[in-house]
Structure formats: structure tokens, C-alpha cells
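Please look over the sequence and the model below before reading on. The paragraphs that follow go from the whole chain to its surface.

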Amino acid sequence: MIILKFLLFLFIFGLVAIAIFLLSVWQQVRSGYRRFREQGSQQQQHVDGNVVIDRRSPEDASKKIIPKDEGEYVDFSEE
């Protein structure tokens with residue numbers, strides 16, 4: 001009877017230890033995902049050794065900077 005109680009205690013202790021381990025892994029994954037999302041929103045770009053940080057929203061960053069009526073057309077000719 002004492003052996004069954006001991007085995008039950010070990011089983012419950014093992015389940016609790018596994019649950020704590022899985023919870024800590026889940027929290028690490030969530031914090032890593034959160035840090036990844038924050039870094040992605042800043043969009044750092046290296047240009048000529050300088051760091052350019054774009055703090056615009058993704059919607060603003062995907063918009064064209066030069067309007068359609070500006071710029072010039074260059075005809076391509078193969079030589």
C-alpha cells in the first residue's frame with residue numbers, strides 16, 4: 001500500500017513538473033514572438049554603413065513615395 005501511494009505521489013509530482021516546464025516554454029515562445037514583432041515594426045535598414053530606422057506603420061511604409069505624375073519615362077534600347 002505504501003508503494004502505491006509513493007508511485008501515485010511520483011506520478012502527480014511528474015505531471016506537475018511537466019506542466020511547469022511546458023508553461024515556461026510557452027512563456028518563452030510568447031516573449032520571443034513579441035520581441036520579433038516589435039523588431040519587425042521598426043524595420044532597420046543598413047545604407048552605406050548607416051542605420052535607417054523606419055518607424056512608419058506597415059500601411060504607410062508600403063505606399064509609394066513618388067506620385068504617378070512625377071518622374072520620367074526612359075525608353076529601353078538594346079545595343
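Of the 79 residues of the protein, 1% count as buried, where buried means under 20% relative accessible area, exposed over 50% and partly exposed in between, with a 1.4 Å probe and protein chains only. This is a predicted model, in which local features need pLDDT of at least 70 and side-chain atom pairs count only at pLDDT 80 or more, while totals for chains, interfaces and linings use all residues. Residues are numbered from 1 along each chain as its sequence is written, and side-chain values use heavy atoms, with hydrogens and water left out.

The protein has two helices and two strands, and from the N terminus on these run α-β-β-α; helices (H or I, at least four residues) and strands (E, at least two) are DSSP runs, numbered from the N terminus.

Searching the whole structure gives one aromatic pair. The ring centres of Phe-9 and Phe-13 lie 6.3 Å apart with their planes at 20°, so the pair is stacked; rings of Phe, Tyr and Trp (its six-membered ring) pair if their centres lie within 6.5 Å, and planes under 30 degrees apart count as stacked, over 60 as edge-to-face and the rest as tilted. Because Phe-9 and Phe-13 are four residues apart in helix H1 (residues 2-42), about one helical turn separates them. Phe-9 is exposed, with a relative accessible area of 55%, and Phe-13 counts as exposed at 53% relative accessibility.

Met-1 has its place in the segment before H1, and at 74% relative accessibility Met-1 counts as exposed.
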